[in-house]
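Here are some friendly notes to read alongside the model, written for someone meeting it for the first time. Please take the points in turn and keep the view open as you go.

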Amino acid sequence: MVDAPAGAALPARSVRSLDEHAAAVLALAGPLPAVTLPLAAARGSVLAADVAGAVDLPPWDSSAMDGYAVRAADLRPGAVLDVVDDVPAGDTRSVRLPPGAAARLMTGAPVPDGADAVLPVELTDGGTARVRVEDVVAAGAHVRRRGEDVRAGQVVLRAGDVLGAGAIGLLAATGHARVEVHRRPRVAVLSTGSELVAPGEPLQHGQIHESNGPQLAAAAAAAGAEVVAVAVVHDDVAVVREALAGLAARADVVVTTGGVSVGAYDVVRDALLAGGDAQLVHVRMQPGKPQAVGILPDGTPVLALPGNPVSSFVSFEVFVRPLLRRMLGARQVHRRTLTASLATEVRSPAGRRQLLRASLGWTTGTPVATPVGGPGSHLLGALARADALVDVPEDVTHLAAGAPVAVIDLREHDA
Ligand SMILES: Nc1nc2c(c(=O)[nH]1)N[C@H]1C(S)=C(S)[C@@H](COP(=O)(O)OP(=O)(O)OC[C@H]3O[C@@H](n4cnc5c(N)ncnc54)[C@H](O)[C@@H]3O)O[C@H]1N2
Ligand code: MOO
């Protein structure tokens with residue numbers, strides 16, 4: 001049995017809208033400095049500088065077909081041409097094609113000087129010493145011109161672009177083995193609560209499995225962050241303060257969960273107020289009402305999210321993720337939104353913007369959002385099925401089935 005702390009006047013809280021609080025959180029940090037990474041380590045990172053192609057693409061005139069390099073003017077159905085050369089892909093010779101002749105070549109092989117078209121093998125008898133032309137092609141046919149895709153020196157990707165598979169392919173093709181990107185933010189997660197027991201351990205009455213830490217770590221990694229620690233501490237202000245200081249030394253951002261509300265043991269609140277520069281906030285949203293933000297004594301930003309699992313999930317989405325995306329250097333830090341038709345009616349508390357977990361589907365091309373799991377912020381059962389958040393404005397208390405609603409699309413993963 002723990003002695004209850006003496007009752008004290010509750011500390012003051014700023015009351016903010018979701019957008020006001022999100023803006024305050026975003027102001028805590030900017031893009032992190034640039035680092036140079038090998039391409040294999042750069043997927044999901046964001047370019048810190050424009051990148052220009054180092055070579056033309058294609059680097060030389062190249063064949064788009066297996067067939068014969070020819071001069072189009074020599075082609076007539078029934079004509080027979082001497083095959084004077086054989087040019088596979090990877091042939092580094094400079095070959096010149098004399099008039100009236102053909103050179104056998106393969107897709108991706110350099111087109112000989114003097115040739116102006118590629119005659120696909122299907123339009124010939126396939127001969128190797130002499131080839132009979134069965135149908136003709138025009139000048140330029142099936143020749144990929146040097147530089148027609150990308151010119152050397154041309155900017156191919158811009159600072160702020162997120163490196164997906166296509167961008168990595170483009171960088172490799174244009175000659176880049178390494179690339180300058182913003183460093184990924186290092187995130188430390190701290191779960192607080194004397195009731196928390198590691199998953200896999202048996203539960204006693206009054207205990208629950210610690211789920212917010214793994215959940216937030218997964219969300220941070222999916223947002224492109226490097227998760228450096230997931231720590232759990234019991235409800236003790238001194239222990240929380242020590243843990244915060246230790247985690248801050250290793251991280252660019254510390255994210256905590258639990259202990260931020262108005263309870264007698266809300267220790268994150270008390271630890272933050274006891275040192276550094278912190279603000280308690282009451283955000284006009286559901287879930288996610290109690291929040292705190294601050295700067296720890298060493299200058300590291302800390303975001304304190306509520307402990308209810310759905311509240312911490314939603315708070316991460318609308319507050320933490322945009323900050324991480326900004327630190328990563330992304331131009332677009334917010335999720336995509338779309339308008340969907342609501343599958344079932346929804347009620348919402350007056351004066352609180354509700355973000356309701358939902359599953360997205362399509363009916364003949366129209367997005368449909370089906371709320372899952374109910375509004376309670378303890379309801380984890382359906383969280384895994386939610387791939388969208390229905391965004392109900394503060395002043396709306398009822399939406400009928402079929403109503404158009406704004407939806408935050410959670411399906412994209414960045415890392
Ligand atoms: N008198 C009032 N009580 C509460 C208010 C209020 O305004 N007045 N606000 C409620 C709202 S809204 C929320 S949200 C919660 C948030 O409180 P805390 O951030 O202090 O969170 P805790 O009390 O520590 O925990 C809440 C709930 O979540 C469970 N939890 C906490 N951490 C974890 C974890 N890591 N993994 C899984 N589950 C966790 C915890 O056991 C509690 O059940 O406050 C309301 N109360
Ligand atoms: O606002 Mo709380 O975050 O309802 O669960």
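1. T364 counts as exposed because 4 C-beta neighbours lie inside 10 Å; the label means 12 or fewer other C-beta atoms within 10 Å, while 20 or more makes a residue buried and anything in between partly exposed, with C-beta atoms placed from the backbone. Its phi is near 40°, a positive value in a residue other than glycine. You will find T364 in the loop between β24 (353–363) and β25 (366–371); strands here are DSSP runs of E with at least two residues, helices are runs of H or I with at least four, and both are numbered from the N terminus.

2. A word on the source: this is a predicted model, where local features need pLDDT of at least 70, side-chain atom pairs count only at pLDDT 80 or more, and totals for chains, interfaces and linings use all residues. Residues are numbered from 1 along each chain as its sequence is written, and chains are lettered from A and ligands numbered from 1 in the order in which they are written.

3. H142 also has a positive phi, near 60°, in a residue other than glycine. Is H142 buried or exposed, or something in between? With 18 other C-beta atoms within 10 Å, H142 is partly exposed. Look for H142 in the loop between β9 and β10 (143–144).

4. Two cis peptide bonds deserve a look. One runs from L57 to P58, with omega near -15°, and P58 sits in the loop between β3 (51–52) and β4 (62–63). Another runs from Q286 to P287, with omega near -5°; P287 belongs to the loop between β19 (285–286) and β20 (290–295).

5. Which residues come nearest to ligand 1? Of the 26 residues around ligand 1, they are N212, G258, S261, P306 and G307. The elements that give two or more residues to this shell are α3 (212–222) and α6 (309–327). By class, the shell around ligand 1 holds 8 nonpolar, 14 polar and 4 charged residues.

6. Within α3, the buried residues include N212, G213, Q215 and L216. Their cover includes β13 (186–192), β16 (226–233), β17 (253–257) and α6. Just after α3, G224 takes a positive phi of about 105°.

7. Now to an open sheet of 5 strands, in the order β8-β5-β7-β6-β9 and with mixed pairing; two strands pair if DSSP finds at least two bridges between them. Since β8 (117–120) and β9 (130–132) stand at the edges, each has a single partner strand, so one side of each is left without a neighbour in the sheet. Strand β6 (residues 80–87) runs antiparallel to β9, joined by 3 bridges, and V80 has R132 in β9 as its bridge partner.

Definitions and conventions: Near = placed C-beta within 6 Å. Nonpolar A, V, L, I, M, F, W, Y, C, P; charged D, E, K, R; others polar. Contact = placed C-beta atoms within 7 Å.
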